[in-house]
Amino acid sequence: MCNIAASLPRLAREAPDRIAMRCPGSRGADGLARYDVELSYRELDARSDAIAAGLARRGIVRGTRTVVMVRPSPEFFLLMFALFKAGAVPVLVDPGIDRRALRQCLDEAQPEAFIGIPLAQFARVVLGWASSARVRITTGRHALLADATLARVERDGAGATAQLADTRPDDVAAILFTSGSTGVPKGVVYRHRHFVAQIAMLGEAFGIGAGAVDLPTFPPFALFDPALGVTSVIPDMDATKPALADPRRLHDAIARFGVDQLFGSPALMAVLARHGQPLPGVKRVTSAGAPVPADVVARMRELLPADAQFWTPYGATECLPVAVIEGRELQATRAATESGAGTCVGRAVAPNEVRIIRISDDAVERWSDALCVPTGEVGEITVVGPTTTDSYFNRDAMTRLAKIREPRGDVDAGERIVHRMGDVGYFDAQGRLWFCGRKSHRVECASGPLYTEQVEPVFNVHDQVRRTALVGIGPMGQQQAVLCVELAQGVDGRHWPRIESELRAIGAAHPHTAGIARFLRHPKFPVDIRHNAKIGREKLAAWAAESA
Ligand SMILES: Nc1ncnc2c1ncn2[C@@H]1O[C@H](COP(=O)(O)OP(=O)(O)OP(=O)(O)O)[C@@H](O)[C@H]1O
């Protein structure tokens with residue numbers, strides 16, 4: 001058997017009263033959450049058994065694809081573990097993405113069941129989502145627009161014996177959609193062996209052990225906590241808008257429950273860094289999903305205890321973690337990043353094999369070592385390891401573009417699947433990986449290619465600039481490079497002519513940026529919904545083409 005839910009009955013035996021999850025619950029007069037809702041390991045195990053048994057009575061069983069649209073809450077965790085126990089296949093899509101894209105994702109997943117909050121059920125009916133779903137369950141109080149409430153499902157399964165499907169390593173465990181920063185999100189097929197390996201690799205890479213107290217501000221990651229025996233404190237914030245989180249509320253939860261590890265997107269780190277209040281007791285911070293700006297890393301390290309670690313893993317929904325770097329080493333690479341080296345994302349997490357191949361937008365059917373570029377040369381980052389997923393659900397064309405079959409040498413040993421990250425980067429002489437941007441965001445000028453993460457940090461050092469984005473206009477190979485610029489908050493647009501000439505001077509000081517001749521001021525960059533950090537360069541490129 002291979003199933004991450006197998007840890008629950010074990011923890012329920014070993015530490016029944018340990019709190020698996022604390023949730024904000026009601027709000028006090030001071031505006032802070034009371035955290036009056038909690039779930040022990042015993043309850044999480046017993047209640048997810050009851051829900052799994054209740055779901056089986058309604059036809060949600062091993063292999064049933066089930067859309068889950070429930071906010072981080074006790075229900076979400078109970079439900080997810082019930083589905084894993086049942087061997088059913090939860091489908092997770094970010095509800096905040098573009099409406100048309102969301103509908104496409106839900107249709108593509110061909111779900112057989114749909115479990116959601118009342119608002120999601122309403123949207124399902126009105127917008128015609130997931131019409132294939134024949135079982136609908138709501139987390140609301142009444143079975144409105146649904147066949148049953150989750151509470152009813154749990155009551156139906158009350159008293160059930162231990163539920164744990166005998167899932168095999170290769171069985172599909174979940175379909176998780178990417179955040180869609182470069183197009184319509186793709187449904188990544190996770191097998192049980194991927195989750196099991198991911199938990200082992202994350203636990204090992206960051207030294208996470210049972211008994212730790214975590215504040216996971218990025219919902220999917222909270223699911224790993226119960227599997228590691230960690231207590232999750234669910235933050236009092238809108239998980240889809242980390243940039244708008246109230247730092248006071250986060251600090252309150254950290255102090256009250258002795259939170260010792262924190263997980264969040266770079267946008268959330270920026271909120272805490274700006275707030276500037278020390279974070280005593282926090283031993284480990286992990287920030288993933290996009291590069292963390294150097295000033296945020298520096299500020300966070302000042303706020304954390306001297307022996308705390310600040311990790312930034314590099315990876316993607318399709319494969320996580322790929323590489324990791326700790327804040328001290330990251331800070332030491334800042335000068336190189338600001339002169340155009342890219343962002344150092346550290347060393348490959350064992351046992352991943354990371355190799356760099358020649359850049360191409362075409363599918364590559366079979367692996368050949370001749371695809372690899374020499375050390376130091378920028379190419380596409382590929383990875384193969386225990387968490388490397390092998391396909392997208394119902395998106396064969398995308399699967400072909402992202403996967404390479406590699407024979408294992410011996411004729412009988414079969415083959416393994418190499419994932420192409422769609423990112424460009426290189427290895428330095430010390431074996432560290434440097435991220436240079438998304439492959440699809442590269443700008444191909446007559447003078448050669450330019451990579452976003454080698455260009456933007458050079459200009460971002462200007463203290464009146466909030467961020468910049470490199471885009472290309474015209475046909476590949478003949479593109480004109482344009483640097484879009486968002487000014488720092490409070491900087492008057494009348495200063496733009498001066499700032500522009502200063503940026504030109506900065507560019508002229510580096511050979512690779514000297515050829516950038518066009519600078520366009522943009523009021524506010526479009527960013528992705530999940531991390532509030534990835535710049536929508538496709539949209540900016542269209543805007544730049546119109547404005548230029
Ligand atoms: N530590 C990091 N530093 C820099 N970039 C990172 C880091 N971690 C992740 N990324 C970026 O995030 C990407 C993975 O993001 P995710 O899986 O959420 O989907 P997405 O790439 O945003 O969406 P889509 O593939 O649909 O466009 C990586 O390929 C990389 O470009």
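**Helix packing, domains and the ligand shell**

Helix H2 crosses helix H3 in a right-handed sense (right-handed when the near helix is turned clockwise from the far one by less than a right angle, left-handed when anticlockwise). This is a predicted model, in which local features need pLDDT of at least 70 and side-chain atom pairs count only at pLDDT 80 or more, while totals for chains, interfaces and linings use all residues. Residue numbers start from 1 along each chain as its sequence is written. Helices (H or I, at least four residues) and strands (E, at least two) are DSSP runs numbered from the N terminus.

The H2 axis sits 8 Å from that of H3 (residues 74–86), at an angle of about 60°; axes here are lines fitted to C-alpha atoms, for helices over the stretch in contact, and angles run from 0 to 180 degrees between N-to-C directions. On the H2 side, Leu-44, Arg-47, Ser-48, Asp-49, Ile-51, Ala-52, Leu-55 and Ala-56 meet Phe-77, Leu-78, Leu-79, Phe-81, Ala-82, Lys-85 and Ala-86 of H3 (contact means C-beta atoms, placed from the backbone, within 7 Å). Sorted by class, this contact holds eleven nonpolar, one polar and three charged residues. Ala, Val, Leu, Ile, Met, Phe, Trp, Tyr, Cys and Pro count as nonpolar, Asp, Glu, Lys and Arg as charged, and the others, Gly among them, as polar.

H2 (residues 41–57) also packs on H1 (residues 7–14), with the axes 8 Å apart and an angle of about 140°. The pair is therefore oblique (under 35 degrees counts as roughly parallel, over 145 as roughly antiparallel, 65 to 115 as roughly perpendicular, and the rest as oblique). The crossing of H1 over H2 is left-handed. H1 brings Leu-8, Pro-9, Leu-11 and Ala-12 to the contact, and H2 brings Tyr-41, Arg-42, Leu-44, Asp-45 and Ser-48. Six of these residues are nonpolar, one is polar and two are charged.

Further along, H11 (residues 266–275) and H12 (residues 294–303) come within 9 Å, axis to axis, and cross at roughly 55°. They are therefore oblique to each other, and the crossing is left-handed. Pro-266, Met-269, Ala-270, Leu-272 and Ala-273 of H11 touch Val-296, Arg-299 and Met-300 of H12, giving seven nonpolar, no polar and one charged residues.

Twelve residues of domain 1 and seven of domain 3 make the contact.

As for the ligand, it lies between domain 1 and domain 2, because both give residues to its shell. Of the 25 residues around the ligand, Thr-178, Ser-181, Thr-182, Ala-316 and Thr-317 come nearest (near means a C-beta atom, placed from the backbone, within 6 Å). Strands E14 (309–316), E16 (343–348), E20 (415–427) and E21 (433–438) each give two or more residues, and E14 has the largest share, with four. The shell has nine nonpolar, twelve polar and four charged residues.

Most residues other than glycine have a negative phi, and most peptide bonds are trans. Leu-320 and Pro-321, however, are joined by a cis peptide bond with omega about -10°, and Pro-321 is in strand E15 (residues 319–326). The Ala-350 to Pro-351 bond is cis too, with omega near 0°; Pro-351 lies in the loop between E16 and E17 (353–357). Gln-110, not a glycine, has a positive phi of about 40°.

Terms used: Domains from an automatic or database assignment. Contact = placed C-beta atoms within 7 Å.
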